[in-house]
Amino acid sequence: MAGLSAGWRLNKAGYQDFVLLELEPEVGGNSRHGENAITLYPWGAHYVPLPGPDAHLVRELFEELGVIEGYDREGLAIYDELFLCSDPQDRLLINGRWQEGLIPEIGISDADKRQYESFFATMEAFKVARGSDGRAAFSIPVDLSSRDPKFTDLDQLTMAQYMDANGWNAEPLRWYVDYCCRDDYGCRVDDVSAWAGIHYFASRVGKGADSAEASLTWPEGNGWIVKQLTRKIGPRIRPNALVFNVETSASGGVTVEYYDPGTNETTRIVAKAAIIAAPRFVAARVVKALRVAPPPYLKAFGYAPWMVANVSLDTKPAGPGAPLAWDNVSYQSPSLGYIVATHQSVEQYARRSTVISYYLPLCDGDPVEARKTAHSRSFREWADLIVADLARTHPGIEATITHLDVWLWGHAMIRPVPGFIWGQARQEALAPHGRVFFAHSDMSGISIFEEAQYRGVVAADQALGSIRSEPQ
Ligand SMILES: Cc1cc2nc3c(=O)[nH]c(=O)nc-3n(C[C@H](O)[C@H](O)[C@H](O)COP(=O)(O)OP(=O)(O)OC[C@H]3O[C@@H](n4cnc5c(N)ncnc54)[C@H](O)[C@@H]3O)c2cc1C
């Protein structure tokens, strides 16, 4: 997304003399998707919340793509209803019954409810809070958030410490906040910074005409956005291009070398500038300056591994209580549950079959060990784990499974652990090396579409600035 967004920006600025080199046969990275006879389905990113006031670039893109059809008299965006997540959006299996919504309600005590009220009132206050610099306390993109230490100091604690300090220890509330942190960061409340934990709740302030609190989603998830961006810059994309060296050339430009495993050929490009839109742990091996003298900031970049499975079913899952929703979560499961790929399709009502995308952040213990364990498991072992968990949620579901695929994301998401977002290391990592510019969501400390897009656009502007300031 960062690389495609850089290309989108260059194109719009009237600069077409670039190529986009992609390691894989297809672009998209963490927002790639798949397709079978039943439907399209996501392999990673699957939704974008309605953009808030600071997310200008997201709105600009969505206007171009027709996702935003116009604005009402109050200036609220009117979204194409095809892309707004339709009802029912989510449900939770708790105490043997499905309820609507993900905040646990069934079997909740009055004391728990009082903690909900206090926690969510605090998050609501953070939504409108501004720092002494006049900026929103928690914004998307992160870069536009306030630097007021009143808020950034929260980056020093874990979310669990912050909740403890406020007496928010009710088990269902802790479960919910932990669920949210696992969902957005692949980290538990004990690992994620309180600033990041609060950001989840306080930064999503986008409203649409008639569509408050909604998300934008597509059968193929954010793969839909990938397809639209790909169309815009298509001829300049070179897939199967494994970039292995980027270095500043004697002329002040940049030399980029890549290998195509299909043709077994290596190509060298001499460019005026380069944007590295790969994660920083890859950039550290590819960019000569980082390889030769690894900067200490690299140690601060840690990534959460994930497993995603797409499971084809000949019958849609049901269960007691609230009906099947887009997002379906079990209180008992270590997973984040599953989303239903056919949810946005009107045809789903005429069909029994579907594909569910099952998400499991591997967030327990050391991420390096979790990554190794994930890789050491065979497909059969993964399939058994997934089916056993789904069968706890839906007894008998095994008999309805017609196909199951597993995808391991070794370095799925940057981990916003305490000190990362507002610390020195991330700041240092933002600086370019000569004409080598960096763009990846990991530079924001939060792995979401909006951050990838922002980083891509910033890098494109930096690269263009350096090229255009050159004497002709
Ligand atoms: C399971 C999962 C679920 C997610 N869900 C959501 C969601 O619902 N909503 C959301 O907004 N975000 C979600 N995300 C976050 C997602 O990471 C971002 O939305 C976004 O896609 C990140 O884009 P990026 O460009 O920063 O990075 P990446 O996706 O990491 O892209 C990096 C690209 O660089 C390429 N590359 C790497 N090395 C080389 C090399 N040597 N040479 C050439 N190319 C190379 C890769 O192939 C890849 O295409 C999810 C992520 C995962 C893993």
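Me: Which helices and strands each supply at least two residues of the shell around the ligand?
Reply: They are helix H1 (2-12), strand S4 (47-49), strand S11 (242-248), helix H9 (280-286), strand S15 (303-313), strand S19 (401-414) and helix H14 (449-468). Helices (H or I, at least four residues) and strands (E, at least two) are DSSP runs, numbered from the N terminus. This is a predicted model, in which local features need pLDDT of at least 70 and side-chain atom pairs count only at pLDDT 80 or more, while totals for chains, interfaces and linings use all residues. Residue numbers start from 1 along each chain as its sequence is written.

Me: Which strand gives the most to that shell?
Reply: S19 does, with three residues.

Me: How many residues surround the ligand, and which are the closest?
Reply: The ligand is surrounded by 37 residues, and the closest are Gly29, Asn30, Ala45, Ala412 and Ser441. A residue counts as near a molecule if its C-beta atom, placed from the backbone, lies within 6 Å of it.

Me: How do the residues of the shell divide into nonpolar, polar and charged?
Reply: There are 25 nonpolar, ten polar and two charged residues in the shell around the ligand. Here Ala, Val, Leu, Ile, Met, Phe, Trp, Tyr, Cys and Pro count as nonpolar, Asp, Glu, Lys and Arg as charged, and the others, Gly among them, as polar.

Me: Between which domains does the ligand lie?
Reply: The ligand lies between domain 1 (2-30 + 49-81 + 223-296 + 417-468) and domain 3 (303-414), because both give residues to the shell around it. The domain bounds come from an automatic or database domain assignment.

Me: And domain 2, how many of its residues are in contact with domain 3?
Reply: Eight residues of domain 2 are in contact with eight residues of domain 3; contact requires C-beta atoms, placed from the backbone, within 7 Å. On the domain 2 side, the touching residues are four nonpolar, one polar and three charged. Domain 2 covers 107-213, and the C-alpha centres of domain 2 and domain 3 are 26 Å apart.

Me: Back to S19, please. In which order do the seven strands of the open sheet stand?
Reply: The order is S8-S7-S16-S17-S18-S15-S19, with mixed pairing. Two strands pair if DSSP finds at least two bridges between them. Strand S8 (97-100) and S19 each have a single partner strand, so one side of each is left without a neighbour in the sheet. Strand S7 (residues 90-94) and S16 run parallel and are joined by four bridges, and aspartate 90 stands opposite aspartate 327 in S16.

Me: Which helix lies across S7, S15, S16, S18 and S19?
Reply: Helix H12 (residues 379-393) does, running at about 105° to S19. Axes are lines fitted to C-alpha atoms, for helices over the stretch in contact, and angles run from 0 to 180 degrees between N-to-C directions.

Me: Changing topic to H1: how many of its residues are buried?
Reply: Nine of the eleven residues of H1 are buried, among them Trp8 and Arg9. Buried means 20 or more other C-beta atoms within 10 Å of the residue's own, exposed means 12 or fewer, and partly exposed lies in between, with C-beta atoms placed from the backbone. The cover over the buried residues of H1 includes strand S1 (20-21), helix H8 (223-233), strand S14 (274-276) and H14.

Me: Finally, is glutamine 332 buried or exposed?
Reply: Glutamine 332 is exposed, because 12 other C-beta atoms lie within 10 Å. Glutamine 332 sits in the loop between strand S16 (327-330) and strand S17 (338-340).

Terms used:
Contact = placed C-beta atoms within 7 Å.
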